Amino acid sequence: MEPRQLHDRLQAIFRKVFDRDSLVIADATSAKDIDDWDSLAQINLVVGAEAEFQIRFQTAEIKALKNVGEFKALIAAKLAERGGQPSATR
Amino acid sequence: MSGLSRARSLLEGGDPVAAAAELRAALAVPLEYLEQMNAAKLAARLAADPAVAPTLTPVRLAVLGSSTTAQLLPLLRLRGFQEGLQVELYDAPLGAYPQEILDPASGLYAFKPQAALLYVNYRDARPGPAEAEAARWQSLWKALKDRAGCAVLMNNFDAPVERPWGNLEAGLADRGLGRLRRLNALLAESAGSGVALLDQEHLSAVLGKERWHDPRFWEHSMQAMSFEGLTRYAAEAAALLLAVLGRSRKCLVVDLDNTLWGGVAGDDGAAGLDLSEGYLEFQRYLKALKERGVLLAVCSKNEEAAAREPFEKRPEMALKLDDFAAFVANWEDKAANLRAIARTLSLTTDALALADDNPTECALVRRFCPEVAVVELSGDPAEFARELDRRRLFESAAVSAEDSGRAAHFQAESQRRKLSEAATDVDAFLKDLDMRAAAGPFEEKDLARVVQLINKTNQFNLTTRRATEPETRALMKDPDVRTLSVRLADRLGDYGLVSAVILRKRGACLEIDTWLMSCRVLGRRLEWFVFNRLLAEARAAGAASLVGDYLPTAKNAPAKNLLPSLGFEQDKDGRWRLELAAAKTLEVPIRNGTATTAR
């Protein structure tokens with residue numbers, strides 16, 4: 001998946017989770033940049049990304065996510081791991 | 001644009017009432033969790049709007065959770081909003097439900113809830129025998145009911161995926177799956193009377209256990225189940241809340257063409273309609289709803305005769321005309337017809353749900369009767385039953401007399417059997433039935449039923465004399481003939497007209513030409529009640545005696561001992577005779593009363 005495409009799809013998830021259609025994210029965007037980014041939002045982002053990309057995060061990864069850049073890298077790694085093929089995540 | 005976005009634009013455009021209607025329409029179809037969370041934010045804004053707030057009914061719900069409630073609470077408010085409730089919530093401290101319930105000074109009681117939801121999961125079931133654990137929950141229910149006087153909602157336990165004992169677990173009484181299943185059964189048996197049990201175990205099975213339980217989120221933030229599971233839980237809890245508030249839907253109005261069958265009755269004719277398995281399954285589902293007490297009604301754009309024809313000419317139809325409490329087929333608009341149906345059934349329109357395949361009709365009803373729950377059937381008829389069932393519109397908190405409904409004969413019958421088992425003393429049993437009977441001369445309006453009884457009754461029939469309708473009508477006009485038709489009802493149901501007698505005056509005798517009774521009501525002492533009436537008739541006719549015959553047939557043995565058991569004696573001609581001077585009325589467990597409507 002192209003980095004740009006991944007970015008746009010993740011941004012769409014952020015917009016959905018924070019319920020703001022004009023939200024723009026950057027790699028450095030973290031919880032301190034978005035008011036509502038609390039633990040509840042964190043878990044919503046994870047659930048949204050899992051559904052969108054058909055991947056599954058580990059508990060430690062969920063806890064460790066600090067900013068958009070890390071989030072993207074993790075998603076890209078998981079997509080690469082399965083060779084870009086759709087996988088059964090359950 | 002999604003329904004949710006449209007609702008948001010309408011609100012921002014200054015039309016909160018239309019926004020609320022749009023949001024409710026959007027909630028009628030399955031929405032994923034994140035969309036529901038956003039819908040919940042919108043619902044909260046709408047619920048606070050001065051134009052919408054007065055249309056909502058406030059209700060105070062306490063949530064006693066043993067896991068995180070942060071996502072559950074907005075979802076509960078959302079589902080309440082969908083059904084016209086303004087849900088005020090008390091969020092008890094996490095895991096503190098025993099203290100909250102047992103301490104009369106707790107925040108729970110200060111909140112004065114109308115309903116309390118025990119939001120628990122399998123981790124809350126303490127080890128040990130299921131009986132002891134069930135008793136612990138029952139005592140919590142009791143304390144809650146006694147102290148708060150509120151309705152109690154609690155879910156049963158959602159068995160986990162993992163089974164350390166493997167397949168053996170199903171058979172274990174004191175641990176694992178076997179124990180949990182037993183505990184769930186015990187809780188289900190003891191619920192009712194103020195406690196409504198939410199079948200979380202079923203919900204988890206419907207979704208699939210591996211999708212329901214997400215151990216990662218339990219570790220991360222004590223989420224008892226996946227969010228996908230949680231949305232289903234919230235919808236189910238809201239349906240039960242409505243049920244305990246008495247706001248579940250009471251009547252389902254269905255369309256006909258492309259809903260109960262494929263095709264258009266007016267064009268294709270009864271013979272040309274598609275009654276494939278999908279439509280029949282849907283009909284069977286509706287029939288099951290009707291049997292548990294949900295009223296069914298038809299509202300169809302059709303000529304009345306064309307709409308009825310498939311019911312009359314297609315025997316494979318699972319639904320019959322008499323399954324419907326109202327049948328409206330015309331070319332009026334559906335909103336007006338729904339109001340008329342509600343009036344006919346003495347309901348308000350907010351007790352109605354409509355299932356219809358036509359998006360335009362659905363939209364019209366949402367617009368003009370927003371209080372009606374609209375189930376827009378789409379796509380595959382094989383999935384209609386599931387689409388309707390998913391809405392949880394007819395939830396009830398407990399099986400009750402009203403729930404079994406006026407036409408719920410099946411249920412009444414099984415209850416009657418249960419009573420019969422419990423009451424070993426027949427007199428007490430019959431008395432407990434609270435039977436009411438009414439007897440009077442045949443009337444024109446009952447003639448069809450009387451003639452049917454005369455020509456069909458084989459068992460409890462003294463003489464098995466048949467008569468046509470004109471012959472029976474002639475008897476009604478004959479000055480020497482007296483007739484009696486008898487209706488019976490009890491507290492479990494109405495049997496309608498079940499017995500008929502024809503008497504003929506011959507000199508000083510009143511002769512029993514015909515005496516028959518439907519075998520559905522054998523063993524109720526209704527024949528004694530009728531006997532008392534015979535004595536009265538004989539006296540009124542100035543007769544000195546009653547005389548009757550038993551004419552044996554292959555089938556009428558049940559009537560053989562009727563006359564001797566009532567004190568009749570056989571005379572030299574072999575006829576049964578009773579002198580009125582010596583006759584006494586019998587004590588019967590049946591009141592004189594208007595047995596309500598005929599069946």
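User: Which residues of strand β16 of chain B are buried, and on which sides?

Analyst: In β16 (residues 545–548) of chain B, S545(B) and V547(B) are buried on one side, and L546(B) and G548(B) are buried on the other, so that both faces are covered. Buried means under 20% relative accessible area, exposed over 50%, and partly exposed in between, with a 1.4 Å probe and protein chains only. In a regular strand the side chains alternate between the two faces of the sheet.

User: What kind of model and numbering is this?

Analyst: This is a predicted model, in which local features need pLDDT of at least 70 and side-chain atom pairs count only at pLDDT 80 or more, while totals for chains, interfaces and linings use all residues. Residues are numbered from 1 along each chain as its sequence is written, chains are lettered from A and ligands numbered from 1 in the order in which they are written, and side-chain values use heavy atoms, with hydrogens and water left out.

User: Back to β16(B). Which strand pairs with β16(B) in the parallel sense?

Analyst: Strand β15 (residues 509–517) of chain B does, over four bridges. Two strands pair if DSSP finds at least two bridges between them. Strands (E, at least two residues) and helices (H or I, at least four) are DSSP runs, numbered from the N terminus. I512(B) has G548(B) as its bridge partner in β16(B).

User: And which strand runs antiparallel to β16(B)?

Analyst: That is β18 (residues 576–579) of chain B, joined to β16(B) by four bridges. G548(B) has W576(B) as its bridge partner in β18(B).

User: How is chain B divided into domains?

Analyst: The division gives domain 1 (1–52), domain 2 (56–244), domain 3 (251–390) and domain 4 (424–592). These bounds come from an automatic or database domain assignment. The C-alpha centres of domain 1 and domain 3 of chain B are 28 Å apart.

User: What is the strand order in the open sheet that contains β1 of chain B?

Analyst: The order is β2-β1-β3-β4-β5 in chain B, five strands with parallel pairing. At the edges are β2 (85–91) and β5 (195–198) of chain B, each pairing on one side only. On average, neighbouring strands of this sheet are turned by 25 degrees against each other, direction ignored. Axes are lines fitted to C-alpha atoms, for helices over the stretch in contact, and angles run from 0 to 180 degrees between N-to-C directions.

User: How many bridges link β4 and β5 of chain B?

Analyst: Four bridges link β4 (residues 151–155) to β5(B), in the parallel sense. V152(B) has V195(B) as its bridge partner in β5(B).

User: Which helix lies across β1, β2 and β3 of chain B?

Analyst: Helix α4 (residues 72–82) of chain B lies across β1 (57–65), β2 and β3 (115–119), and runs at about 160 degrees to β2(B). Contact here means heavy atoms within 4.5 Å.

User: What about the sheet with β6 of chain B, in which order do its strands come?

Analyst: This open sheet of five strands has the order β8-β7-β6-β9-β10 in chain B, and the pairing is parallel. The edge strands β8 (326–330) and β10 (373–376) of chain B each have a single partner strand, so one side of each has no neighbour in the sheet. Neighbouring strands are turned by 20 degrees against each other on average, direction ignored. Helix α17 (residues 359–368) of chain B packs on the sheet, touching β7, β9 (352–356) and β10 of chain B, and its direction makes about 165 degrees with that of β10(B).

User: New topic. Is S204(B) buried or exposed?

Analyst: S204(B) is buried, because its relative accessibility is 0%. S204(B) is found in helix α9 (residues 200–207) of chain B. The side chains of S204(B) and K209(B) are joined by a polar contact of 2.9 Å. A polar contact is a pair of N or O atoms within 3.5 Å; within protein, one must be able to donate a hydrogen and the other to accept it, and residues adjacent in sequence count only if both atoms are side-chain atoms. Leaving out residues up to four places away in sequence, S204(B) touches D158(B), K209(B) and W212(B).

User: What is the phi of M222(B)?

Analyst: Phi of M222(B) is near 55 degrees, a positive value in a residue other than glycine. M222(B) lies in the loop between α11 (215–221) and α12 (227–244) of chain B.
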